[in-house]
Amino acid sequence: MSDEDVGDNEAEDMEMDGVPEDLDAKIANVREQLAQNSFDFELNNELLSLLRKNGDFDELAEAREKIAAQHPLSSTSWLEWIQDERSSGSEQNRVEELFDKAVFDCNSLDVWMELVQWACGVSPKFAREKFEAALSAIGLRVDVGAMIWQSYLCFEEAMLGGAENLDEQRKCVASLYKRALRVPNVDLADTWKSYLDFAGEQVDEDIRRVYETSVNDMKEFSKYELKLAETDDSLEAFHEYLGYEKEKDDPARIQAFYNRMLDKHHQNENVWFDYGQWCETRLKVHSITCRVYKQAVRHCPYSCALWQQTLLALERSGAAADEIDEFWEKARETISSADDGRALYRTYIYILRRRADSTEKDYTKVAEIFEEGSRNLVEWFGKHDWDPQGVYRRNWAYFAYNKLKDFQKGKKIWDDILASGGGRFADKWIEAVRLERQFGSSDDARKLLYKALNSVSDHPNTVFEYFIQFEREEGTLEQLDKALEKVNAQAVQRASRVQAQKPKEESAGKKPHGKERRGAVDKHEPNDSSRKRAGSTLEEVVATKKQATEVVKPNPSDQNVPKDKDGFAMPMLPVKKSTAPVPSPSASSGQPTTSTPPSDKEQKFTVFISNLDFKTTPEQVKKVLNGVLDVRLVYRGMSKLTKGYGFVDLDSKESYEEALAKDRVPIEGRPMLISVNDPERRPTFKYSTDLEKTKLFVRNVHYDCTEDQLRDAFKVFGEVKAVRIVTHISGKPKGVAYVEFANEDDARKAVLEPEIILLDRKLHVAISNPPKKPAKEEAKQLSSTPIASTSTDRKAHLTMVPRGVKTSSAKVVNGVSNGSKKPMSNDEFRQMFKK
């Protein structure tokens, strides 16, 4: 660094009034931020710059070593470090080591130019080695490659003056010009001019033809270079350019182009992942693949996928076990979620398993890592969230059975899976039974099946069928009879539960639900719904024990409970103790009363919220709404999970209206639906369904497309008033959108446009004319129409029962059988299986 540069830097450190900056305070502030996120690229480099400005050279040297060991540095930070080392008289090996680390972190022109210029002062042989390395790294780049070529040519031409064999040196320079002119780049004309000056009248026609070919190729490259310049090196333009390079299928050029992309977007994990995959599948050079992945995890240490690919690439390349273990230690420190933790631990575990298989078959370390993973993930993410689906533990149990031959360990792991929520699922019980049959004993497998009969809730018939087949294959006749008796008893019991629910639903007015008990149903009112709806409905919410003790007996004079479009009673507010005055029966029945209407302070402003994630908490709802007094989510029994809806009490009418205006406000990426707390007034569809000649319906929209991108694509036809991307209830886009123009002419232009491309997709455009929505009364009438031949006891139907002994083959309408065939007894049922 020159004296002028130092003076400029000192001047920058002075504020306008001449008072020096408080660099110590800035350094302390940056350190405090790095304590929260040590991976921040900008903050790490800012800290080094501030320490250098402040003259803390001992602290700077320590910080450089510490940061560079874990994180990448910018080209500026590396060049400053190298300059400081050269100024202090460091040896050649030390400077070369720093340059190698610099080009590993940032494959930029600045670093390579500094490197070759320094190498020219060492020796001609050393300089040529570094020039060739620079050409391999960035010499094929269209934008800056010519800088390296021209520097190399200048060096070789300078060597002509002291060459012992002048002709050989001239041939060497001419050959280098031929190589340089073969590469299309933005400074190709300048290189050709330099060659003409060098050759004089002895221009080589082969070199001329090479230059003309490159000029023609450059015409195509120029289109992509122009697009990059116009879009400020956007990823979209880079990917389009990359596609063209891949079509030409020149591995060296593709590799150079990936490096160019990463020079601009070095923190984009998708680009790194794509580069690594290309190296693995197309280039197939292990050393290059490993280098790419090692660079990737330095720039994107938060990416679980990149760490997995790095470990596997090292294994494929035959890297030493110590090197893989070292990278695993680094990967483990970056785990930030339970999903990433399980994925990374399993990747390393199976690397160790393959290593053990190929050596002494000692699986002790594999078992230790399984244990460590379970212990760490439980500590970091909680006992209930570290492995919710039991995937990690299932792998662990199979390893215990198959490799360790430790059946007790395997049973213990499976007991934990089944006891922590897995016992509801048939597939988990059957997997545990199969492991017992394969590695353990039939008696233990049988015990598991008996437990499964009472535990499974999702697909009991699967367990029933498997149990019967198990006893056919493994058991005695007595064991088969016992299994049939247990299975049949369970089937009848489950069928009775389903049948018992039907009268309750058909006579909801006689036995109102806890949430409907504040208003009794008129006995003479016909039931609008005569079919059972599958799944949990709003009126099936069970009140808590505390609420049950506070239930008010139904009053015959009360109004009928409100019903939805399907004829089902809608939920009222969950029962809650309140000191507010209770309306008199006459008021609730619609009769005139002398009572004074409630004031704004006494009136409750409540909205109904739905489409919530089952793990949503009241605190998350309060963060997106203002003036919240209370949030009452409806929970699943004693579980911590909600049913996806609830009620919010607000403090004023203003807060109430503001909340309704926030309908579909996202919570953790999922839109929360907000509506009035009145089933009759809740909107079903708030957009027009008439023909709108100024609005366009757009299909084949990319799922990653934003409203701004759509607006930009259509504003070329005229003024765009509004853009709406249609989404699913979960918030994910459906691939269609609406674009509204200010006038019909502009909309017509867009429809007549033969091709509109956005994000590599051709958009299909039409005038908006959606189908009519059925009227409310019409929808209610359609929804209440009974559906014939709908069985209500499908869950109790055993597919393994022979056709000849089924209890009934009569037609069933709305759960009512027209047949009168007598069902078989248990003894008769068992005798049929013995035939």
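Colleague: Is Asp-232 buried or exposed?

Modeller: Asp-232 is exposed, with a relative accessibility of 66%. Here, exposed means over 50% relative accessible area, buried under 20% and partly exposed in between, using a 1.4 Å probe and protein chains only. Mind that this is a predicted model, where local features need pLDDT of at least 70, side-chain atom pairs count only at pLDDT 80 or more, and totals for chains, interfaces and linings use all residues. Residues are numbered from 1 along each chain as its sequence is written, and side-chain values use heavy atoms, with hydrogens and water left out.

Colleague: Where does Asp-232 sit?

Modeller: In the loop between helix 12 (205-230) and helix 13 (235-248). Helices (H or I, at least four residues) and strands (E, at least two) are DSSP runs, numbered from the N terminus.

Colleague: And what is the phi of Asp-232?

Modeller: Near 55°, which is positive, and Asp-232 is not a glycine. Most residues other than glycine have a negative phi.

Colleague: What about the phi of Asn-700?

Modeller: Positive too, at about 65°. Asn-700 lies in the loop between strand 6 (692-699) and helix 31 (707-714), and counts as partly exposed at 31% relative accessibility.

Colleague: New topic: in what order do the 5 strands of the open sheet come?

Modeller: The order is 2-3-1-5-4, with antiparallel pairing. Two strands pair if DSSP finds at least two bridges between them. Strand 2 (628-635) and strand 4 (665-667) are the edges, each pairing on one side only.

Colleague: How many bridges join strand 4 and strand 5?

Modeller: 3, and strand 5 covers residues 670-676. Val-665 has Met-672 in strand 5 as its bridge partner.
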